Amino acid sequence: MIEKKKGQVRMMETLAIMFIFFILVAMGMGTYYGFKKSSIIQEREDLFAKKAIDVSIKVSFMPELACTRGEAELKSNCIDVNKLIHLKDLMKDKEFQDYFFDLFSYANVTVEQIYPEKKEYVIYEFPKPNWTEVSETPFVVVLKDDKKTIGNEHRFGVLHVEVFR
Amino acid sequence: MKFSKKAQMEIVGLVVIVILLTLGMLFIAKFVMQTDSSGKEIFTRRFLASSTLGAMLDTNYDCPALDHPPTIADLLEACVEDPNRYDCEFGFNNCMNSYAVVENLTNSTLGDWGKKYYFSASLLAFGDATPLDLFDDGVGGDPCLGEKDSEERVLQTTNGILKLHLEICGKN
Amino acid sequence: MKNRKKKGQVQIQFNWIFILIAGAVILLFFVGLVVKQKGVAEQGIRTEILTALKPIITAEAFSEKTKIVVEVPDEEVFFHCTDDVSNYGIQKAGVAIDTPITPIFAPESIMTTKMVSWSLPYQMPYKVMDLLIVSAINNKYYVLGDETKFRTELINFTEEFNFDEINSGEYTSLDPGDNFRIRMVVFGSTNNVFTENGGVIPKKLAAMGKKLSGVLIDKKETINGATLTFYENEYSSIGNSGTWVSNGEIDTIGFSSMGAKDSVLYGAVFAESKDSFECNMIKVFTRMNLLNKVYEKKMKTVEEHFGNTGNNDCTKFLEQLGGAGIDSFMADLQDKVGTCVSALKVCDVLGSGEWGAKKLQSTNQGLLGQGCMRIY
């Protein structure tokens, strides 16, 4: 009888150990997948943020907008007002919309002049239908109007880029 | 009796291990989940400091009295070399003009976007070791204490090197 | 006694069976977990590569003329460009990222731990866009043939890539070694390694199959651009032999970049084939078509500005664009751009002193010299 009880106790002990072991494994897996989930969410946020930066960089260096210096490299952080006003109008053409959609996807691109007076130019407007989240990246730029022989050739402005998901 | 105590000790041992492991995992989780500024924030801050300072210095000051108004960089240089060089507003010299316009531009961008920032302009005169601040308390508040990204530009003037510094504060 | 003995025997055996089964279950569980994780990790690595590549592709607008060296996991990355499809991706992953806008001049595939990218502007005469060149540290480029300025420039400016100058004698004893791909860049016209000896490729090189390719650059020093002939290796496993076969010729004289570096010729050095080169150049002209529309409107603004300010000295430069003015000049240029999109072989947007991009350049330089508002 004692032997039978010994055997039973041993069996119970083994089962208890295995039970505890699997609980530990389950806890470990739970923690690991918890980390994984939060890191995937973080990565998704990072990718969305990167997308906003990508589009901002593309816009600020577009030959259709950027200030030129003859044959030299395009001037950075500078928008040519005399190209801006025409691009704004040309963006209404389907040809331009289709092409730039491939470049920017769902986004809004606006140039806002802040100084000396306020003006706004909406270049590209393509919000995602039923969007749930928007990420905005503002870049400060100089707006250059080399038509100005008198007065402010260089104005202070902001390039607003919003991407959607 | 001995067996009973041994078994009890084993169970207690297992329980202790489980508790220790749980505590350890919770501790690691807390540590790992602390977030610093994201890559986007850092990149945006860095680029913003650079683009804001660059754009500001190239912008023409609104001076209707002059056909060819100076840029803000010119205004800051004038503040150091000849504060009355550009006659734009009655009663104000070019140092006051430059302070006002820098404050206006930084406030309507960085300030409006809720960013803490600090702009300073300091002159290192030739032969001097100590730089002289053009604006006593800088523009925008206090220098950043914690995380920050900054941009500097240097202008050569007849009175020395004019160092312009803009920093954008991160999370503290 | 017998019963007890048998009970004991059964108990021991049962114990061992129980241990074996339990052990096997635990082992299988962990092995399954590891295998699943391995698959997830591999997919993660492939996504990581594509994620690492994306900013490089984006950076084409940002880091003009700079080279970026990126460490990537050792997976085969393909770059594909045909009339209908333009993309890049990981061979095994079966996932590709479309690149309908960005011209990428790269081999058909690369497999490396160090990827090198370089963006060069295409100017005609103003900057149209950047051409992105992508290659790998284990792709070998052998340069031989005539000495030209462009050849010297190519060697000097491709330090980050894997370029080597050789002579015809060394060509016959070339060994692929650890290189994943080999590209022969030959300067000259007639009597070159592609045509000598019936175009037979040395055996060691021939064994590379499709991973061996070549381009012949016939460049005249005084003329912009060159005549390009692309070659591929027609390999036969019977006899382990290969022959150079031309897959097409393109003359870039009418559209080579007007910038300090001829980005079109650089693109030709790195592009896999004539088809890939053409496909990517078409993207450039598609962009140029749109950009020209913006500049046409700007030119009219410039013209109006000169009229409003009564600046006849400046106006005369615009009048030089042609009798019928800006509209006619740009319509003609756009027509030429359209031809480039549909038939690169006869593309000519460069023009001369009388029309095309060259005329636009001289007009702009005249405006600059006179202190007038410029076109670009």
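**Briefing: chain A and its partners**

Among the 2 pairs of chains that touch, the most contacts are between chains A and B, two residues being in contact if their C-beta atoms, placed from the backbone, lie within 7 Å. This is a predicted model, in which local features need pLDDT of at least 70, side-chain atom pairs count only at pLDDT 80 or more, and totals for chains, interfaces and linings use all residues. Residues are numbered from 1 along each chain as its sequence is written, while chains are lettered from A and ligands numbered from 1 in the order in which they are written.

**Chain contacts**

- Between chain A and chain C, 25 residues of chain A are in contact with 27 residues of chain C.
- On the side of chain A that touches chain C, the elements giving two or more residues are α1 (2-60), α2 (81-90) and α3 (94-104) of chain A.
- Chain B and chain C are joined by no contact, and their closest C-alpha atoms lie 13 Å apart.

**Fold and shape of chain A**

- Chain A has 3 helices and 5 strands, where helices (H or I, at least four residues) and strands (E, at least two) are DSSP runs numbered from the N terminus, and its elements run α-β-α-α-β-β-β-β from the N terminus on.
- The radius of gyration of chain A, taken over C-alpha atoms, is 30 Å, well over the 15 Å that the globule rule (2.2 Å times the number of residues to the power 0.38) gives for 165 residues, so chain A is more spread out than a compact globule.
- The C-alpha trace of chain A spans about 110 × 30 × 30 Å along its principal axes.
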